[in-house]
Every structure is written in C-alpha cells, then in structure tokens.
Amino acid sequence: MNESTSPSAAVRVDNLVKRYGAFVAVDHISFEIEPGEVFGLLGPNGSGKTTTIDCILQLLSYDKGEISLFGQPMAPTRYDLKRRLGVVPQNIAVFDELTVRENIDYFCSLYVTDKARRAQCVEAAIGFCGLEDFAAWRPKKLSGGLLRRLNIACGIAHKPDLAFFDEPTVAVDAQSRAQILEGIRVMNQAGATVVYTSHYMEEVEELCSRVAILDHGHIIAAGTVDELKAQVKAGETISVELPELPDGLTQKLQAMPQCLQAAYKDHTLTVRCANGPHNLLDVLGVVRDCHGVPGRVWSQPPTLNDVFLELTGRELRD
Amino acid sequence: MRVCKYALKMAARRPLFFLIYAVGLSVMGVVMALAVTRAEPAGSLQDVVRPQLEWGLVDEDRSELVAGLIDSLDELGPRVEVAQDRLAQEEAVAQGSVDCLFIVPAGFEEAFLKAARAGESLPSLDAAYGFTGAGGALASAAAERWLASAALAAAAHPEASAAQVAEEATRAARKTASVELMATPDAAEASSANAFTFYLEWSIYTTIASIIACTAALFTTFNRTDVRRRDLASPLTYRSFTLQVALAALAVTLACWLVSTAIGLLVFWQDAVALGAAGLASTLLASLAFMLFPLSVSFLAGQFGVSSQGANALGNLLGMAISFMGGAWISMTLLGPEIQAVARFTPGWWYTNALMSAQELAGSSHSAAVGSSILTDVGVVALFSVVLFCIALIAGKLREQTAAAGGNGAVQES
Amino acid sequence: MCKNWRLALLTLVRDKNFLIWCLGLPLGLATIFIFMFQPIDKLAALDQLPIAAVRLDAAQAATPQGQAYTQFLEALGSAADGDSGSPAIAVSWQDSVQEARQAVQDSQDAKRPFLGLVRLSPDSQLTFEAAPTNDSVTQMEQSVIVSVCDSWQARMDAAATLATQDPARLSQSSVQAALADVAGSVKKVSLTENSPRETCAFYFALLGFTALMCAQNSLLAALTLVPGASACGSRITASGQPRGRQMLIWLTASWTASFAGLVICLAYVCWAASIDFGARTGLVVLALAAASFMATGLGGLVAVAGPRETGAKEGVLTTVTCVGALFAGLYGEPVMEMANNLAEAAPVTAWINPVRQVMESLSALIYYDSLAPFWMHLGLVAAVGALCCAIGVLRLRRLRRESV
C-alpha cells in the first residue's frame, strides 16, 4: 500500500499473515498510519478487520509479518507501548458487578497508577461520554447506547495516544452514534491517532482521513476517500421519478457513453454514470426527448460501497 | 493492586452465592458430623467377644423354647422388631435394619424336641442375612450354639418340659471357650474419635465444593472474552494481573475457611478444647493448608477457561473423590491395597493423617515425633497446592499469546 | 410443533451444561463409587474363614476330649454348604502353638490372613487367640469363630457333666447325635429377589442425586422461557406461538434430555456394578422417567421463583441436591445409618426428599416381591415433580406480562 517507510509512523504493519489452519484470515497486508490520523479499516463481516487489530495489539500470534508502534517493534511484553494504547472492543467488555464509575476506574487503573490523576481521568471520561447521570448505575440497567458509551469510556479514559475502535457503533441509536463520532473527532483533534474499523461506510467516509478496504484478508484498496472514489469508474448516480417509462428510454440512456447502468423500478429511473461534468443535463435531455414526464430528480455522488462493488462485485453489506 | 481490590469488590457483591455455598455446605457438614456417632474400632477383646449386631426374629411358633432362644440372642445386641408380613421382613433385610432376621416356623418347638429325642436331623429355622455375610453368620452361629445345647439337653432329659430344656440350654451355653488377643510388637494405641476432627474430615467434600464454586465465579468473570482482551492489551503484566486475581481468590478462600471453621468450632467447641492448644493449632494449620488445594484447582481450571457450571461440577466430583480417598466415607482399612496406594497420591489422605495425629498430640508422650509427623503431612498437603499452582501459571502463560513469528520474534522483553 | 420440540431438544443436548450435569458428573461419580465399593462388596460376601489350629500331641490326642477336638475341627472344614447358617472354616494345622502364632503373623500380609488360632489346653479348655485387627468386618468374622468354639465348649462341658452324673445317658444314640451335630439348625434363606447389598443403596442414592443435578439443565431450559433472563427468552415470549405450547415444548424437551442422561447413567452403573433388575427393567425406566420429570419441575420452579441471579439459582439447586443426598445417605456408611434412622423416626423427612424417594423406588424394585412400595415411592416422586411444574408453569405465565 504505502511503500515509504516512515520511521515516525504511529502504526506500521508489514506483510502480516494470520492463518487458522488452512484458512487465511489475514493475507500479507501492509499499511502505515501517521500520527494524528483517523485511519479507517473498512470491510464486510469476516474480512479480517478484528483479526488485524488483535494482531497489532498482540492478542493473537501471527504467522508472518512485522508490527511497529511509534517506530518501535511491538511485542506482548512492550508494556511501555501498551501504556499509550486504548482499546474499545466490538463486544461490550465491562463488569456487570461494578457501577459505571467503577468500571471506568478499573480499566483506567490498568494504565494510570497515580490515584489523583486517575480520578481526574475518570471524571473526564464520564463527562466526555455523557454518562454523568448514570455514573452510579450498573451496566445491566443501561440502554444499548449507554452501554456502548461506557464501553468507549473504559477504553479511552487514560487518554491514549493511539486508540483502536472496533465497530463501536453497532446496534446504537442515531443520536448516540452521532455523539460517539463527535467524541472521536474531539479526541483526534486533541492529538490522538485513531484506528477505526467498521462495515458502515457512511461513518468511515465521515470520520476517516484515510481508509483501507479489506476483503477476504486482503487490502484491496487504500487511500483517502476521494482517492478511493477516483479509482473507480462510477461517478454519480442520478435518480428520476417517472410515472411511466417511455418507450425506448432505457436503450437510449444505455447508448450514452457515460452511462454505466440504467434501470427502472418502482416508478424511479436510476442511472449510474461515469465521472463527467454534464451527466444530469444529459440524462434529463434524453428523458425529455422520449417524452418522459420527470418528477423529483436527485443525484448522489459515488460512495465507498460503489468502490467496493466495483472492486469485488459485491455490496459492502452483502 | 487495583485488580485485586476490584475483584474482591465484585466477589462481595454476590453475597447470596457465597452464603449458599460456603455457609450452606458448611452447615451440611455439621449435620453430617452431629448425626453420626462413629464407633472407632479399637481392636480390643471386647470387640471380638461381644460385637454388637442388630437382629430380628419373627416368631410364628410362640413357644417356650423359642422364648429361651430369644433371651439368649439378646447378648448379640438390640433386637429390632419386625412385623410378621412379608414386606416388613423384606424391608428389614433390604435396608440393612438387621444383620440377620430369623423366621421360626409354627410347630418348631414340637418338631425340634421330637427330633432331638429321636436322634434324627433337627428341624431348621430360617435366617435371612443383611448386608454383611459375617454379621449374618455370627447371629446364625449364636443361634446354632444355643440350639445345639437345647438339642443335647432335650436328648439327655427326655422327660423335661420345653421350658426346662430352654433353661438347661441357656445354662449350658454360658460355658464358653477362652478368647485371647494375640499380641504384636507394634500394636497401635486406640484413639477415640474427636467430633471436631471428625467434622473437619467430613467437611472435605463440602469445603472443596464451596471453595471451588466461589473462586471459580471470580475467575470466570475475568475470563470473559472481551474483558480478557482488554486486560491483556493493557500495560499490566500478565503475571501481575494473574497474581492479583489469585490473591483476591485467596481472600475468598480464607473467608470460606473462616466460615467453615467458625461454624465447626461453635458447634463442637468442647471437642476442640479437648484437643489441647497444640492439637488445636495443628488441626487448624492442617485445615488451612488443605484449603489451598481447592483454590489451586479452581485457579488451574480458570487458566483453561472452565465455565462456572463446569467448575461447580468439578468441585462436586473432586470433593467426593478426595473425601473418599481421605477415608471419610469408609474406613481405609476396608479398601483394597490398590485403592490405599492411590489414596496416598491425594491430599485428602495426608490431611486426615495430620488430623488424626493432631488428636494424639494432647496425650502423647512422643509429642515431638507426632508434631514432626503433622508438619510433614501438612507440608505434603501444601505441596499439592504449590504444584497445581505452578502448573496453572505455566498453563496461563502458554495461553497468553506471543508474537513468536517473523520479525517481532526477535524482540527481547524490555 | 414437533420440529420446534426437536430443535429445543437439540439445543439442550448440545449445551455443555447437559454434558456436565446429566452425563459428566454422574458418570464420573459412578466411576468413583465403583472403585470405592468394589472391595466392600467383596468383603460383605462371606468367604471361607481361615484359622490356624494347633495339633495335639499323641497323648492328648488319644483322650476323648482330644479326639473330639480333632474331629470337631476336621468336621468344621467340611461341614458348611451354601444353605447352612454356618460359614465354611478353613483349618490349617500347625504342630505347636509357636508355629501357629508365627503362621498367623506371617499371613497378615496375605489376601485372606488367618483370623487367629485355636488350641486345646491340657485341661480341655478350648482357646481362640484372635489376630489383632481394627477392621470391624474381620472382628465380626473372629466372633463367628468364637461362637463356634463356644458351642463346642458348651457341648463338651455338658458331656463331661453327663458323664459324671449319668454315664448311661451319655451313650444313648440321641445324645451322641446331639453331641456330634455341628450345624444344621439354622438355614440361610433369601427373602428378597436379590441378596441385599449395602452398596446398592449408595448407587441408588447417587442416581437420585444425579436426577436432582439434572435439574440444573432444566433450570437453563426454563430460563429460555423467562423474558428478561435471555435474549432468546424475549424472542420466544414475543413470538406468535401460544405460551402454553412454548412451555410444553421446552419442558418436555428438558424432560427428555434429563431422562436420557439418567438412563445412560443407570445403564453404566448396572453394568459396572453388576446390578440386575431382571424382569423389572421396564419399571426401572418408568422410575427414571418420574425422576427426570421431578428434575424438570424443580429446575423450572427455581428458574421462576428463585433468586434473580443465575449463579445464585444454580447455588440453590446445588444446595437442595446436596442436602437431599445427605438425608438419602449418599456420603458414606455413617451418613446412610443416620439417614435411615431419621427416615424411621420421622418418615415425613423421607417423603419430602426426592433423592431418597428415587433411591427407595429403585430399592423397592430390586428387593421386594410386591410392587406396592415401588408405586408409592414413584407416586411421591411424580407428585413432587407435578407440584413444582404446576407452580413453575403458573409463574411462567405471569412472567409473560410482568417486566423483569
């Protein structure tokens, strides 16, 4: 992916391979994450995102490859490096027997030994995640969104330099999701490097400065969101409401050089076009020439799902 | 020590669990010890000449001869009343209520006297044995003895009435052979049972089950997959983390031990005092050392990620096996040499040895030797725990993932 | 519904709790018991009783008492058969008292050591020297020898008295027959279908214990129906399937799983411990069905009426099981004695103890001619199960509406 080997990279993964018997979960992947980045690992379920994270965190052994954090080789016993990390796992990892405050204090205590400083960190984390009203509650009484926030608070209370978020917004309501993403932005602005894994392309597009797309253990594409979108042919997708499909319209649209695909379903004509400056005008012109009566018209820029679809032939959420 | 502190906090927030296992099972141990009167076989002459049996007799004849037989059988032990119906008789032998049940048919006296005086084969009465052949045989032999004397009396005095024959048989049966106990050079002194010691011995099962259940709950909490990932990803060394959790489990174990011992001391305080200061101290030391064994088993199971149900089952199984091997259920002398040999490889055997030795400490003239023996036994018990604990640490270390491959394999521990 | 039932059963038997509670624990305990009780069964069976006997010198052997002594001991070895009340006694002749004592001491390490030695003093006093032992069974066997010796001594003394008082009577054939008769007045019979074995009670108590342990599996099955206890519980409760049908499916599946576990356990115990129910094997299956029904009911009851935390519920079941097993006498001979005494003194404690009832139902099958006791114990087990099921079902229906 990125051939230059920056010595100050926050994370450097080189030729990582992880096998489970005959199954190759991670297949020779390499990438670098610069300090201060929000780096996205995007891919469908089972693509190797969590496995990659676990290898970086030294929770899994791997068959081949090198991993460095902050320019230093990573190992299970590099506690100095571990002290600078934060982990927010995919599943809720808190103790049911402890309250919200106690849970955060416990996990923070694994990183921060000074009592006074830790108390400050805990209170800050509670405030950061909006858990002030629930600090004395036990996890069983919290809603799904609050549990996720607690899960995050436990992972970032000690203000890590490098934080790993493994699908932190699964099964979370829209409001909580927005708050979580905002919180990550704030963390990043404060100087933290973030590694964010998800199969929600909207979040990754919104949050991440650079993205690597994984599929079946390979990185199939990597770069900024714009770079990734520029790699594919798909430009915008134009949708036109039509009560009836005029004769010959679809054929004429498909004859257009920039038209990649035209389909009519549920009174809506959908045209995928290659990148071009006048796609909307050209499509509406053809509709008019065929005596179509358009209703609402809208245009959607290409998404990472389009990128994935073009690269693999499948949707991200297949 | 934050991990330890929070582990204890979590354990303290499950009081019901602790109460059920630690207190509930300890009370069960008390009930066991209270309800049972254990007659320690002392190897004395009395036990050979006058063993105690439970016998029954269904008298369908209701004659004076049989009344004489019944009087003579009283020397065997208490007579158990058994009803005449078949089911009651079956129940008596099937449940072991009697070692031997005699059934005297109707017309027995008349037939017996007639046959004895004619020199013919004597009629027989039926004897159904209980659980042990020896008990039944002894009762039968006692009945045979009296009937033989009665037959002789009847034959020698044809004119005598049944009552006179019975009286003569009873008088003749008082003539006995001499019985002596063969001396051996190393005959052990008999020791009487101490109820507190007995409680501790019986509690092997309940304390193993309760400690494993209570501590396994703690290990299971920390073994949940994502919690464990978080802990492993932290800068806290695995060794420190494991030891802190183990320390919390040790505190839980000590709490279980205190509860169990306190309950025992409360109920059996007189027997505890009778042990003397040295005996009591040795007993408690042995008990404390033994408590470490289920802790180390639980710790080892935790390193393999055994669930709380699995640990519960393990505690029950191991508790029964260890208490059996310690001779709590059945006297070790009754078991085969192979079982006795295997028992020496279990901590229960050494623990009960220590308890028995501690009992002897008070009245013994060889207290130094006995004390040394106790310390040896306690040391072996503790050794079991140490070995298991070491195995658990190694297993945990192996379970912790290492980056052994590729370039990172060359990184040395900082 | 059949498909749902099959899937419910599959879910239960694939759960590791089934392996632990319904198979692993009972089979493990049964194996321990088999090792424990094998030697006891051997000891309980009465073998030949070996003794050493001191041969008389020529002078004493020629006397009437000496002849009687020699004949008595020789007759002992050949007298006993299986039906007689007297056991077989194996006599090993030694030439002197010292040799006999040495033989007894040397035999102590053998499989069947001498119980002691018998000798006749010059004044015709029979003496039995018992080998030292702390083993109660050996002491009992020594007492048998003592009793046999007492019998001979009594007859010899009576004969001596008669010889002094009325020598003519001594020579009568009936008197001679009475003097010579070694055994025959007591006939060993068997009242029960199978010879009573103390260890059977422990195996049956173990099966009762196992039945109650199967309730752990039933607890988890019942928790599947409790809305707040699991995500599956909520899903099932909110589904279109009638509540009664849901309960019927899961509870019968749990019953089947427990029953299967008990059958496997019983088959193993019967095979390894040589317990044979003969023609009543079908009734044994019925007893196990009742026991597993009781376990299902109990597990369901604790699921809905016990403490909130699952771990605490398991603890309640474990305690109930252990206490039930205690009063069924599972934990060794003294405890069995205590339990039997308590059952005799206060029968109600036995009636309400499901472990004891399972044990007694199996004992009734193997020992008694009449089936009445079996049906009574079976009825009690089924009644406990029905009561627990009824309470559990009523509460489960309410839990559909209440928030947890």
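Visitor: Which strands of chain B and chain C pair in the parallel sense over four bridges?
Guide: Two strands count as paired if DSSP finds at least two bridges between them; strands (E, at least two residues) and helices (H or I, at least four) are DSSP runs numbered from the N terminus. Here E3 (residues 125-129) of chain B pairs with E5 (residues 186-189) of chain C, and B:Leu125 sits opposite C:Val186. Mind that this is a predicted model, where local features need pLDDT of at least 70 and side-chain atom pairs 80 or more, while totals for chains, interfaces and linings use all residues. Residues are numbered from 1 along each chain, chains are lettered from A, and side-chain values use heavy atoms, without hydrogens or water.

Visitor: What order does the open sheet of five strands have?
Guide: The order is E4(B)-E4(C)-E3(C)-E1(C)-E2(C), with mixed pairing. E4 (178-181) of chain B and E2 (89-94) of chain C each have a single partner strand, so one side of each lacks a neighbour in the sheet.

Visitor: How much area do chain B and chain C bury between them?
Guide: Interface size is often given as the accessible area lost when the parts come together. With a 1.4 Å probe and summing over both parts, the figure is about 8,600 Å², 68% of it on carbon and sulfur atoms.

Visitor: How many salt bridges are there between chain B and chain C?
Guide: The rule wants a side-chain nitrogen of Lys or Arg within 4 Å of a carboxyl oxygen of Asp or Glu. The count is two, including C:Arg119 with B:Glu180 at 3.1 Å, N to O.

Conventions. Buried area = accessible area lost by both parts, 1.4 Å probe.
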